[in-house]
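Colleague: I am new to this structure. Please take me through the terms used for it and show what each one rests on.

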Amino acid sequence: MMNYDSWKLSNPIDDGHYYGLVSSCCGSEYIDEDEDGVLWCDECKCECDSIEDYEYEAQQRENYLEMMADGMRDER
Ligand SMILES: [Zn+2]
């Protein structure tokens, strides 16, 4: 009989909520530079941090709401 841990290891994605790490600037793939511990965004080729993709989406949503708020200010 399998214990829970070995079941989980054999089903890494099939647990209902898949997520991964993305670059903090573009939300895309990044290249790991292990020597200096620096990450490079594969999209804009800039130095970046890695964040969970749902964090990136939350950030994007905040930026969008801020943009909307700024736009409304400009119209006045
Ligand atoms: Zn980028």
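**Terms and values**

Modeller: To begin with burial, 7% of the 76 residues of the chain count as buried. This is a predicted model, in which local features need pLDDT of at least 70 and side-chain atom pairs count only at pLDDT 80 or more, while totals for chains, interfaces and linings use all residues. Residues are numbered from 1 along each chain as its sequence is written.

Colleague: What makes a residue buried, partly exposed or exposed?

Modeller: The count is of other C-beta atoms, placed from the backbone, within 10 Å of the residue's own: 20 or more is buried, 12 or fewer is exposed, and anything in between is partly exposed.

Colleague: Why does E43 count as partly exposed?

Modeller: E43 has 15 C-beta neighbours inside 10 Å, so it falls in the partly exposed class. Its place is the loop between β3 and β4. Leaving out residues up to four places away in sequence, E43 touches S23, C26 and S28; a contact here is two C-beta atoms, placed from the backbone, within 7 Å.

Colleague: Why is S50 called partly exposed?

Modeller: S50 has 16 other C-beta atoms within 10 Å, and therefore it is partly exposed. S50 belongs to strand β5 (residues 50–52). With residues up to four places away in sequence set aside, its contacts include L21, V22 and S23. S50 and S23 are 27 residues apart along the chain, yet their C-alpha atoms are separated by 4.7 Å.

Colleague: How many helices and strands does the chain have?

Modeller: Two helices and five strands, in the pattern α-β-β-β-β-β-α along the sequence. Both kinds are DSSP runs numbered from the N terminus: helices are H or I with at least four residues, strands E with at least two.

Colleague: Which strands form the open sheet, and in what order?

Modeller: The order is β2-β3-β4, with antiparallel pairing. β2 (30–33) and β4 (47–48) each have a single partner strand, so they stand at the edges, and one side of each has no neighbour in the sheet.

Colleague: How do you know that β2 and β3 pair?

Modeller: Pairing requires at least two bridges found by DSSP, and four bridges join β2 to β3 (residues 38–41). Among them, D32 has L39 as its bridge partner, and E33 has V38. The two strands form a hairpin with four residues between them, where G37 in the turn has a positive phi of about 70°.

Colleague: What joins β3 to β4?

Modeller: Two bridges, in the antiparallel sense. W40 stands opposite E47 in β4. This hairpin has five residues between its strands, and K45 takes a positive phi near 60°.

Colleague: What span should helix α2 have?

Modeller: The rule is 1.5 Å times one less than the number of residues. For the 23 residues of α2 (residues 53–75) this should give 33 Å, and the end C-alpha atoms are 33 Å apart, which agrees. None of these residues is buried, so α2 lies largely in the open.
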